[in-house]
Every structure is written in structure tokens, then in C-alpha cells.
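My entries follow in the order I made them.

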Amino acid sequence: MNLIILGPQGSGKGTQAKMLAEKFNLEYFEMGRILREVAKLDTPLGRHIDETINIKGQLVDGKTFGEVFNAKLREIPEERGILFEGVPRREDQLYYFEEKPGGFKRKIDAVIVISLPEEESIERLSKRRVCKENEHVLIMGKDVKSEKDKCPICGSEIFQRIDDTPERIKTRLGIYHNDTKAVIDFYRQKGILIEIDGRPSIEEVSEDILKKIEKLNF
Ligand SMILES: [Zn+2]
């Protein structure tokens, strides 16, 4: 089984993705994290991605996306199911998810889209911190109490991603809705789109997703 999960920033798609990957024993393919890893490398590709995502705060171009995506995909055995998080993000990325000889050989079984109102996204994201070593996601006021606290899971320092400031969040949400519209329409027409309200608790959202996956009966 191969799944895709999409949703705006703060929709909880990361949490749901991890739970789904575990439940169905799928490889967790988090494109954002993969790109951030490559961006740390002192190579032409690494520097290009760093400049695009960390300095300009933009999405990588189609060619760069394809290069990183395909390289990562080759590391995963074909018989192993994958859960793709956050991609395809744009219409031009759909190309990389189409079954074709010598290319992508997987069938996407379901595409889960979690929705969340903008105010709710901003409210949730401005409280988000991550740790430097493992990108553990921590909530200010709950998991940590001050910016000087260390990660309660691994002990490394915490910080707020530049992307998680209100100004950046608004811009990113606008881009997200604009970009994903065509992708969502595409999978809706294929009849494999699962639409989820992201407002309830993590557990309720998770239950809703599982129920709707079962209904698609593979
Ligand atoms: Zn940590």
C-alpha cells in the first residue's frame, strides 16, 4: 500500500503520518525533512536547496525536486509500501508520482488531505519549536516552558523555525492552498481522495482517517 498525506502547516499531518506509517508498516517519506538534510550538505545541490528553502523561504524547483525525490526513492525496496508526507505539493510534481516504465513503479492507493482554518494553523504553529538534533516537535507552554529549555526527548537545544513565525506562516498557507489545488482535484477525480477535518483531537482525526481508508477497500 502506498499513501500520500497532505495538509497545511499545523494541520497535524506529521503526527498522523507517523501513526499511519507505523500502523501499516510503511516507509515514512517526509520530503521536507529530506530536503532539509540535503540543504545541510556543502555541495552545489545542498547550497542551492539551502538558499531556496532556508533563505528565500520558497519551494524548490521541479528539477531539484525530481533529483532529490528519485535519489531517495531508489534507496527503498520496491516491495515496501511508502507513506509520502507533503508531496506532491504542486501540479508539476504529479509527474513524479505517475507509474511509468523506468520511473515511478508504485500505485498510490489513497491521498489523505487534512484541512484546517487559517487562524487555527497560525495559533498552533506559533507555539511550535523543534530540537536541533532530531527535529522533535515540541509545543511551547506544554512540552517546553522557555526558549532556553532543552528537548525533553533527546536533550538537544530547541529553536523556532524561521518558517514558523506568523508572517511566514500566512505566506506559506497562501502558497499551500494555491499549489495544492490542482493536486487535490487530480486525486479527487481519480476517486482516491480522503478529506479530513483537522480540528478535532489527534485521536479523533486518526480514527476518522482509518475509517475512511477502510472504506476504500483495496
Ligand atoms: Zn530532541
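**Zinc site**

I began with Cys-151, which is buried at a relative accessible area of 4%. Buried means under 20% relative accessible area, exposed over 50%, and partly exposed in between, with a 1.4 Å probe and protein chains only. This is a predicted model, where local features need pLDDT of at least 70 and side-chain atom pairs count only at pLDDT 80 or more, while totals for chains, interfaces and linings use all residues. Residues are numbered from 1 along each chain as its sequence is written, and side-chain values use heavy atoms, with hydrogens and water left out.

Which protein atoms are donors of the zinc ion? I found Cys-131 (SG), His-136 (ND1), Cys-151 (SG) and Cys-154 (SG), lying 2.1 to 2.3 Å from the ion. Donors are N, O and S atoms within 2.8 Å of the metal (3.2 Å for Na, K and Ca); water is not among the atoms, so sites may look incomplete. I noted the spacing of the donors along the chain as C-x4-H-x14-C-x2-C. His-136 sits in the loop between strand E5 (128-131) and strand E6 (137-139), and Cys-151 in the loop between E6 and strand E7 (158-159). The two are 15 residues apart, and the pair links distant parts of the chain. Helices (H or I, at least four residues) and strands (E, at least two) are DSSP runs, numbered from the N terminus.

I then checked the geometry. The 4 donor atoms make angles of 105 to 116°, and the site is tetrahedral. Four donors count as tetrahedral if all angles lie between 85 and 135 degrees.

Cys-154 lies in the loop between E6 and E7. Its C-alpha is 8.3 Å from that of Cys-131, 23 residues apart along the chain. Neighbours within four places in sequence aside, Cys-154 is in contact (heavy atoms within 4.5 Å) with Cys-131, Glu-133, Asn-134 and His-136.

**Cores**

I looked up the largest nonpolar core next and found 32 residues in it. Such a core is a set of buried Ala, Val, Leu, Ile, Met, Phe, Trp, Tyr and Cys residues joined through side-chain atoms within 4.5 Å. Those with the most contacts inside it are Phe-29, Phe-69, Phe-84, Phe-97, Val-111 and Tyr-187. Elements giving two or more residues to this core include strand E1 (3-6), helix H3 (44-55), strand E3 (82-85) and helix H6 (166-190). H2 gives the most, with 5 residues.

Leaving out neighbours within four places in sequence, Tyr-187 is in contact with Ile-4, Pro-88, Leu-94, Phe-97, Val-111, Ile-192 and Leu-193. A second, separate core has 15 residues, including Ala-21, Leu-26, Leu-83 and Ile-112.

How do H2 and H4 pack? Their axes are 11 Å apart, at an angle of about 105°. H2 is therefore roughly perpendicular to H4. Roughly perpendicular covers 65 to 115 degrees. Axes are lines fitted to C-alpha atoms, for helices over the stretch in contact, and angles run from 0 to 180 degrees between N-to-C directions. Met-31, Ile-34, Leu-35 and Val-38 in H2 meet Phe-65, Val-68, Phe-69 and Lys-72 in H4.

Glu-67 is also in helix H4. Glu-67 is partly exposed, with a relative accessible area of 40%.

I checked Asp-179 in helix H6. Asp-179 counts as buried, because its relative accessibility is 15%. Apart from neighbours within four places in sequence, Asp-179 is in contact with Leu-59, Arg-89, Arg-90 and Glu-91.

Most residues other than glycine have a negative phi, and most peptide bonds are trans.

- The peptide bond from Val-87 to Pro-88 is cis, with omega near 0°. Pro-88 is in the loop between E3 and E4.
- Asn-25 has a positive phi, near 50°. Asn-25 is exposed, at 56% relative accessible area, in the loop between helix H1 (13-23) and strand E2 (27-30).
- Glu-135 has a positive phi of about 55°. Glu-135 lies in the loop between E5 and E6 and counts as buried, at 17% relative accessibility.

Note on methods
Four donors count as tetrahedral if all angles lie between 85 and 135 degrees; four count as square planar and six as octahedral if opposite donors are over 155 degrees apart and all others between 65 and 115; anything else is irregular. Angles under 35 degrees count as roughly parallel, over 145 as roughly antiparallel, 65 to 115 as roughly perpendicular and the rest as oblique.
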